[in-house]
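Colleague: Hi! I'm new to this one, could you walk me through it?
Modeller: Happy to, here it is.

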Amino acid sequence: MWCWCSSGHASTAGVRALRNGTLQSRLRYWRRLILVFLAVLLPALLLIPVGLGFMTTHELTQGTCVVLAPPTIPHDEVTFPSGDLTLTAYFIPGDSDAAVIIAPPLNHDHGGQLDYAGLLNEAGLNVLVMGSRLCAGEPSSFGYTEGDDVTAAYAYLVGRGDINPERVSAHGFSAAGAAALFGTARTPQIKAVSAMGNYHDFEQSIGVNRDGAPFVEQLYITGLVWGFRVGAGVPISALKPVDIIDEINPRPILLVYGTLEPLIDGRILYEAAENGTLWEVEGVGHGGYMQAYPDEAREIIAGFHVAALLEEDE
């Protein structure tokens, strides 16, 4: 009898021990699972915004060339070298020996900005309309490296023999506006420049080093910076036209911005220009300035280049 009772107590204790061991085993399992999550899955989740940012800028620098229709007015398709590249452009002849370079856009071929080319050509100016570096098989740098292409375009124009080297200006929209500014800063012979809807400091525009930015947003911005560096081959910190305005001064600078454009503050560039003109286009976003105000565009944009290049003829 005593032995039977003792065996019963021993069995109960064994069941309790077994249950406790199973519980401890389960707890250890969940601890290991949580540690795996923290060690593997959590960093992977944090990498998602970095990856999205990386792909955004990397894909833009490596994008596809958009081919557009050629001009409907008389023109020649020409090529010229820029470093190791061979660039293609439309040369639209005018009634003078003065010329305007329309700088390389982000991803359009030399059929872009033909509306402004026509506007300038109607004013009697020769116009050279350039295409994106993407169309020559090279990455875009949002205007920075394209500034060298503007310099190459100037060399092509003065080498033609029918363009006065002292009567060349530059023009561009968005990334091409930045390219026009970079190219003019690097080419002292370019007499004037107009830039529309371009950034003044790309880092600042996308929020790099912005105080108080949410952590996930900071991760996304980090990806933007890395993606651009890998894709374009230059650091995003180089995209600061505001830092090179002094290299353009005192040459005339026209800046055109819509009052509804996001992330862009043209007044910062305007305040840095010694001989600047600012047209703030009321109620317009990124682009469409001439479409909204055709008469004003003719007077302000074409008038700016005519005054800068043909003033001796007037």
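Colleague: Which residues in α3 meet α4?
Modeller: Keep in mind that this is a predicted model. From α3, Glu146, Gly147, Asp148, Val150 and Thr151 meet Ala179, Phe182, Gly183 and Arg186 in α4. By class, that contact has 3 nonpolar, 3 polar and 3 charged residues.

Colleague: And at what angle do the axes of α3 and α4 cross?
Modeller: At roughly 60 degrees, and the two axes come within 7 Å. That makes α3 oblique to α4. The crossing is right-handed.

Colleague: New topic, the sheet. In what order do its strands come?
Modeller: The order is β1-β2-β4-β3-β5-β6-β7-β8, in an open sheet of 8 strands with mixed pairing. At the edges are β1 and β8, each pairing on one side only. On average, neighbouring strands are turned by 20 degrees against each other, direction ignored.

Colleague: Is β3 covered on both faces or open on one?
Modeller: Both faces are covered. Ala99 and Ile101 are buried on one side, and Val100 and Ile102 are buried on the other. In a regular strand, side chains alternate between the two faces of the sheet.

Colleague: How many bridges join β3 to β4?
Modeller: There are 4, and the two strands run parallel. Ile101 stands opposite Leu128 in β4.

Colleague: Back to helices: which strands does α4 lie across?
Modeller: It lies across β5, β6 and β7, at about 150 degrees to β5. Helix α10 also packs on the sheet, touching β3, β5, β6, β7 and β8.

Key: Residues numbered from 1 in each chain as written. Predicted model: local features only at pLDDT ≥ 70, side-chain atom pairs only at ≥ 80, totals over all residues. Heavy atoms only, no water. Axes fitted to C-alpha atoms, helices over the stretch in contact; angles between N-to-C directions. Parallel < 35°, antiparallel > 145°, perpendicular 65-115°, else oblique. Left-handed = near helix turned anticlockwise from the far one by under 90°. Contact = heavy atoms within 4.5 Å. Nonpolar A, V, L, I, M, F, W, Y, C, P; charged D, E, K, R; others polar. Buried < 20%, exposed > 50% of the residue type's maximum accessible area, 1.4 Å probe, protein only. Pairing = 2+ DSSP bridges.
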